Amino acid sequence: MDNKRREGFSSGLAAFFATLGAAVGLGNIWKFPYVVGENGGAAFLLIYIICIALVGLPVMISEFFIGRRTRKNVVGAVKQLNNGKIWTGIGIFSLLGSHFILFFYSCVGGWVYSYVFKILKGEFAGATSRTVAYQFTNTTMGPISPVIWQIVVVVVVSIILILGVKNGIEKITKTLMPVLLVLIVICDIRALTLPGTKESLAFLFKADFSKVTSQTILIAMGLAFFKLSVGMGAMVTYGSYFTKEDNMIGTASKVAISDLIVSLLVGIAVFSAVFTFGMKPSGGPGLLFMTIPLVFSKIPFGNILLVAFFILASIAATTAMTSMFEVPVAYYSEERGMSRKKAVIVNAIIIIIFGILATLSVNNDSLLGGIKIFGKGFFDLFDYLSSNVILPLGGLFIAILVGYFIPKEEIKKELTNNGELKIDKVIDFYYFILRYVTPVILIIVFLSSIGIFR
Ligand code: TRP
């Protein structure tokens, strides 16, 4: 495709909201609370924040650099930057990663969408811990309805993508992200008046390091990658749509901080309910679905707030999926000569087929729950492989490619917008971390997680 005719975002603000839309997702609303809950709260949180600062953020900046420098999809971009075959393989590895995430993400997205309708139908009126647990099982076991909802989600995202980068991705994220932020604040105001708030805050902010192992660090790192949407080229692809005036380091930092704030706000709401209603913080993937309905039960307008919360979660899921799905769409339309529409449809079909495998194997009682690969069902396998293997490995390759195979001058030129931005010190710091800290942490965590190193 002719690069001059290539679509892009229209402003720095649009780029910020699109990237924030990619970052804020089910990761904050569904994953973050239960992963923090299962791994001991504040101690985990601290490790997570370190992973964001020393690994996630430098990789995000590097992805933006690759994208905007080349203005290409992830495979085309790495091919152009460095002619070695091995780097092209990494582009293809990224495509695989985006599909793996989409397979299980679309399933959870379907649950979230379906909750909006269930709430509207009044199924959560007067919810108790027992009825919400029943509703969650009912929602996820199906087997027909979760699959239908999953297909609905994939179709919605496909429509946004077919509309294009400006009319689809940019318009949707710019309109919906501010709405989402307002809704979260409203939900927190309610949650902060629950009796369990104090315990919730203690759980999130008082560290107990006795539970931390090398596995914990691997999980924190996986979550950091997943949260910032890095490690598989989504940020290369979005970076390729940035304007030439955009301050990429600034955008990346603002997104990382906003995303962390959203996670914490959701965490406070979820754990306030957990401690108010005597539930366990380590409730697993169902945690969100069984706590939030209780936060709003038995208060005036509770049902409206509840619907608002799940609409918010649906928005987050949709804009995040859009960013993953754009990766193969950009690749097929730019490198394989497909029309954008055809690229969307072909990939949507693949996502639906494998996504159904995930949906039907959420737990042991699911229809395909008995099928185990490496001891995991499809749902857990897609989740584990993407967060704990594909994203960190992708991140390592990106750090090495940018840190060691590209002249520093070229990086500086791009990140300062040809010398416009006076941020040389910041770039030196980023470059140092990217070369000597990020890859070292990644390698140590990998080796220790497979038991080679303690
Ligand atoms: N960050 C999103 C979330 O927290 C998930 C996500 C969107 C993602 N795009 C991605 C994860 C690309 C990895 C790669 O829900």
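This is a predicted model: local features need pLDDT of at least 70, side-chain atom pairs count only at pLDDT 80 or more; totals for chains, interfaces and linings use all residues.
A nitrogen atom of the ligand lies 2.9 Å from a polar backbone atom of alanine 23, an oxygen atom of the ligand is 2.7 Å from a polar backbone atom of glycine 27, and a polar side-chain atom of lysine 227 is found 2.5 Å from an oxygen atom of the ligand. Taken alone the ligand exposes 360 Å², and the protein buries 100% of that area, as computed by the Shrake-Rupley method with a 1.4 Å probe.

Residues are numbered from 1 along each chain as its sequence is written, and side-chain values use heavy atoms, with hydrogens and water left out.

Which residues come nearest to the ligand? Of the 17 residues around the ligand, these are Gly27, Tyr105, Phe226, Lys227 and Ser323, where a residue counts as near if one of its heavy atoms lies within 4 Å. The elements giving two or more residues to this shell are α1 (12-23), α2 (26-38), α5 (85-120), α10 (214-228) and α14 (302-335), helices here being DSSP runs of H or I with at least four residues, numbered from the N terminus. By class, the shell holds 11 nonpolar, five polar and one charged residues, with Ala, Val, Leu, Ile, Met, Phe, Trp, Tyr, Cys and Pro taken as nonpolar, Asp, Glu, Lys and Arg as charged, and the others, Gly among them, as polar.

Now to the cavities. On a 1 Å grid over the protein atoms alone, a cavity is a set of points where a 1.4 Å probe fits but cannot get out, and lining residues have an atom within 4 Å of a point. The count comes to two cavities of 30 Å³ or more, with each volume taken as the space filled by probe spheres set on the points, which are joined across faces, edges and corners.

About 140 Å³ of space lies in the largest cavity, and of the 18 residues that line it, Ala22, Ile101, Phe226, Ser229 and Met324 are the closest to its centre. The space taken by the ligand is this largest cavity, given that a molecule sits in a cavity if more than half of its atoms lie within 2 Å of its grid points. The lining of the largest cavity has 13 nonpolar, four polar and one charged residues.

The second largest cavity holds about 80 Å³ of space, and among its 14 lining residues the closest to its centre are Val74, Val78, Ile90, Ser94 and Ile398. Here α4 (74-81), α5 and α16 (378-405) each supply at least two lining residues, with α5 giving the most, four residues.

Finally, two backbone details. The peptide bond from glycine 142 to proline 143 is cis, with omega near 5 degrees, and proline 143 is in the loop between α6 (129-141) and α7 (144-163).

Methods:
A polar contact is a pair of N or O atoms within 3.5 Å; within protein, one must be able to donate a hydrogen and the other to accept it, and residues adjacent in sequence count only if both atoms are side-chain atoms. On a 1 Å grid over the protein atoms alone, a cavity is a set of points where a 1.4 Å probe fits but cannot get out, and a pocket is an open set with protein on both sides within 12 Å along at least five of seven lines; lining residues have an atom within 4 Å of a point.
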